[in-house]
Amino acid sequence: QVQLVESGGGLVQAGGSLRLSCTASGSIFSFNIMGWYRQAPGKQRELVAGISSVGRTNYADSVKGRFTISRDNAKNTAYLQMNSVKPEDTAVYYCNAKPSWTTSPSVSSWGQGTQVTVSS
């Protein structure tokens, strides 16, 4: 079992920046892939970005060029640097951890969620 603790959400103006952090504990194999999903009111949860333990990354088209995911394996921590944020980035952001890229989100581990609000 993996425990994920998130931090870094908050209120930011459009065009500004924010960094989210997620620290994992538990079985290292279970968080080979770490990533961020988000869910806005009335919408389905969607993938934002993911990163493997060797640094391979994957981004949603809507955040490419603005968001950067990274991780520090020594600290079991993943980061999401959010630049040039837009009001449509407003959502609850959830950290996710799983053994492989193909693991279903429904059987992976989730953080408690952190609210990101972008004001226009």
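Tutor: Aspartate 61 has a relative accessible area of 63% and therefore counts as exposed (exposed is over 50%, buried under 20%, partly exposed in between, with a 1.4 Å probe and protein chains only). The side chain of aspartate 61 forms a salt bridge with lysine 64, at 3.1 Å from N to O. A salt bridge here is a side-chain nitrogen of Lys or Arg within 4 Å of a carboxyl oxygen of Asp or Glu.

The model is predicted, so local features need pLDDT of at least 70 and side-chain atom pairs count only at pLDDT 80 or more, while totals for chains, interfaces and linings use all residues. Residues are numbered from 1 along each chain as its sequence is written, and side-chain values use heavy atoms, with hydrogens and water left out.

Side chains of opposite charge can pair when their charged atoms come close. Over the whole structure, a search finds four salt bridges. Arginine 38 takes part in two that can be described together. One joins arginine 38 to glutamate 46, at 2.8 Å from N to O. Arginine 38 is buried, at 6% relative accessibility, whereas glutamate 46 is partly exposed at 36%.

The other joins arginine 38 to aspartate 89, at 2.9 Å from N to O. This pair links distant parts of the chain, 51 residues apart: arginine 38 belongs to strand S4 (residues 33-39), and aspartate 89 to the loop between strand S8 (77-82) and S9. Strands are DSSP runs of E with at least two residues, numbered from the N terminus. Arginine 38 and aspartate 89 are both buried. Through shared partners, salt bridges join Arg38, Glu46, Arg66 and Asp89 into one network.

Lysine 98 gives a contrasting case. Lysine 98 is in strand S9, which spans residues 91-98. Although buried, lysine 98 has no salt bridge, and the nearest side chain of opposite charge, glutamate 6, is 14 Å away. Lys and Arg count as positive and Asp and Glu as negative; His and the chain ends are not counted. The side chain of lysine 98 does reach the backbone oxygen of tryptophan 101, at 3.4 Å. Beyond four places away in sequence, lysine 98 touches Phe29, Ser30, Phe31, Asn32, Ile33, Tyr37, Thr103 and Ser108 (contact means heavy atoms within 4.5 Å).

Definitions and conventions. Helix = DSSP H or I, 4+ residues; strand = E, 2+ residues; numbered from the N terminus. Polar contact = N/O pair within 3.5 Å; in protein donor to acceptor, adjacent residues only side chain to side chain.
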